[in-house]
Amino acid sequence: MATEALFGWDLTFKTVEKDIKQKSDVIIAFIHWNLTKRGFRSIGIGDERTLSGDEERSELLPTGWNDKDNYTLRYVYEDKLYILHGLNSDGNLIVNLMRSEDLAVSNIALKVEESVKDMSGPIDKVIPGYKDLMFNVRRDLIDTITARSTSSAQTQTIGNNTNNPRPPIEDPLRIPPRPAPGIVPENPNLWDLPPANLRNVGRSDLDPFAPMGGGMLFNPFSPGRDIENPGLGIPGGLPRGSVPPGARFDPFGPPGVGPLPGRRPPPPDADHLPPPGFNDNMFM
């Protein structure tokens, strides 16, 4: 299996071994070999982005491919022009593969000294980690840009095919629209609207559209009575605001006694307001 995966490497390396000047040359040769195995063909050096169509295509590296410190190689794949850039920087080799048609770019960065141990000999001596390097080159440099081209073509085909429309795909992550919120403590579904006649303590504080009453002013005597005038055992009732909402209240009169219909309420207790000038010397 390993022999089949390395098929063609010995021949490629033998054709350029005499031209190897530095370790980064070995990496470029290794990437070139992976490109040719995938179907890329070399058409020379340079960064010219036009393709005339009559370029000579070859599986070999072109003459002068490593004359400079950096690399610029031109390839053709599926009648599209690709440019391979290799940049040496601080012991690293940064390689970009660009498709000139839409300027799509894939890239990979390698540490030269860690990747290449020798510049001649069998591959397990030259590149001890050739298996990982081969995987990374194919995944990050080649497959990334070729798969992007395929997916773009499929998207255009689906978008242009209006004769056979497909039903929309239901997205499980799509959040359905919510109705107007209502608060129903008895209902576990808090998004259901409450009944119109629900007597709910605190509802008017939470629902601005609720009818009057039913807020935090809770009447301990009866849900339907006036909270500010309890009237339990108080002759004539109490003035407004005499009993704080929810406070304990001990009535000071017999229950149920109040003014008879048609009569005025009785006057307040005599000690409540003495006449002017009255002084019984109680505080001497």
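The questions below take the sheet, then the helix on it, then the core of this predicted model.

Student: Which strands are the edge strands of the sheet?
Tutor: The open sheet has 5 strands, ordered β1-β2-β3-β4-β5, with antiparallel pairing. An edge strand here pairs on one side only. That applies to β1 (41-45) and β5 (104-111).

Student: How many bridges join β4 to β5?
Tutor: Strand β4 covers residues 92-99 and runs antiparallel to β5. One of the bridge pairs is M98 with V105 of β5. The number of bridges joining β4 to β5 is 8.

Student: What angle does the direction of helix α3 make with that of β2?
Tutor: Within the sheet, neighbouring strands are turned by 25 degrees against each other on average, direction ignored. Helix α3 (residues 23-38) packs on this sheet and touches β1, β2 (71-77), β3 (80-89), β4 and β5. Its direction and that of β2 make an angle of about 5 degrees.

Student: Which element gives the largest share of the largest nonpolar core?
Tutor: That core has 40 residues, and F30, L84 and L141 have the most contacts inside it. Elements giving two or more residues to the core include α2 (9-16), α5 (123-126) and α6 (130-160). The largest share is 8 residues, and it comes from α3.

Student: Which residue touches I31, L84 and V95, among others?
Tutor: Leaving aside residues up to four places away in sequence, the contacts of this residue also include L97, S106, I108 and N136. It is one of the residues with the most contacts inside the largest nonpolar core. The residue is L141.

How values were computed. Residues numbered from 1 in each chain as written. Predicted model: local features only at pLDDT ≥ 70, side-chain atom pairs only at ≥ 80, totals over all residues. Heavy atoms only, no water. Pairing = 2+ DSSP bridges. Helix = DSSP H or I, 4+ residues; strand = E, 2+ residues; numbered from the N terminus. Axes fitted to C-alpha atoms, helices over the stretch in contact; angles between N-to-C directions. Contact = heavy atoms within 4.5 Å. Core = buried A, V, L, I, M, F, W, Y, C linked by side-chain atoms within 4.5 Å. Buried < 20%, exposed > 50% of the residue type's maximum accessible area, 1.4 Å probe, protein only.
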